[in-house]
Amino acid sequence: MFVWKECRNLRALVVGVLLLLSASGCGYGEVGPETYEYAMALYSVCNSRDAQRLQSFTEQFEQAQADGKVSANEGKVLGQIVKLAQAGQWDDATADARALLDAQVKR
């Protein structure tokens, strides 16, 4: 049985990681205009939970990556959201796509 209070080193590590993450401002960074358009489309697909549109989006997005219209890092970020949607985790995918879009708003 796992006893939390007996694992002081683990507790200290977890607290340290959480503090580091909160201080580093984890989240999505800025993306280019092309990727922003894809993020908006992906949000719409995920919000509507449309598997057929997801397939079409994925094909177009993969072509944009192959054509160099989307950076490797941006492709990775959107690719993770696509994987959530493909796994049927529509709520998580929608939330992540929304967070990506929100991160683009300059405040």
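1. **Core.** In this predicted model, the largest nonpolar core holds 21 residues. Leu-42, Leu-78 and Ile-81 have the most contacts inside that core. Four helices each supply at least two of its residues: H2 (33-48), H3, H4 and H5 (90-102). As background, nonpolar side chains tend to be buried together in soluble globular proteins.

2. **Ile-81.** Look at this residue next. Leaving aside residues up to four places away in sequence, Ile-81 touches Tyr-28, Leu-42, Cys-46, Ala-93, Asp-96, Ala-97 and Leu-100. One of these partners, Leu-42, is also among the core residues with the most contacts.

3. **H2 against H3.** How do the axes of H2 and H3 cross? They come within 10 Å, and the crossing angle is roughly 160°. Angles over 145 degrees count as roughly antiparallel, so H2 and H3 are roughly antiparallel to each other. Their crossing is left-handed. H2 brings Tyr-38, Ala-41, Leu-42, Ser-44, Val-45 and Ser-48 to the contact. H3 answers with Arg-53, Leu-54, Phe-57, Gln-60, Phe-61 and Ala-64. By class, eight of the contact residues are nonpolar, three are polar and one is charged.

4. **Arg-49.** The loop between H2 and H3 contains Arg-49. Most residues other than glycine have a negative phi. Arg-49 is not a glycine, yet its phi is positive, at about 55°. Is Arg-49 buried, partly exposed or exposed? Its relative accessible area is 45%. Buried means under 20% and exposed means over 50%, so Arg-49 is partly exposed. Check this residue in the viewer.

5. **H3 against H4.** The axes of H3 (residues 51-66) and H4 (residues 72-86) come within 11 Å. They cross at roughly 165°. That makes H3 roughly antiparallel to H4. This crossing, too, is left-handed. On the H3 side, the contact residues are Leu-54, Phe-57, Thr-58, Phe-61 and Gln-65. On the H4 side, they are Glu-74, Gly-75, Leu-78, Gly-79, Val-82, Ala-85 and Gln-86. The classes here are six nonpolar, five polar and one charged.

6. **Reading the two contacts together.** Leu-54, Phe-57 and Phe-61 of H3 take part in the contact with H2, and they also meet H4. Leu-42 sits in the H2 contact with H3, and Leu-78 in the H4 contact with H3. Both residues are listed among those with the most contacts inside the largest nonpolar core.

Notes: Residues numbered from 1 in each chain as written. Predicted model: local features only at pLDDT ≥ 70, side-chain atom pairs only at ≥ 80, totals over all residues. Heavy atoms only, no water. Axes fitted to C-alpha atoms, helices over the stretch in contact; angles between N-to-C directions. Parallel < 35°, antiparallel > 145°, perpendicular 65-115°, else oblique. Left-handed = near helix turned anticlockwise from the far one by under 90°. Contact = heavy atoms within 4.5 Å. Nonpolar A, V, L, I, M, F, W, Y, C, P; charged D, E, K, R; others polar. Core = buried A, V, L, I, M, F, W, Y, C linked by side-chain atoms within 4.5 Å. Buried < 20%, exposed > 50% of the residue type's maximum accessible area, 1.4 Å probe, protein only.
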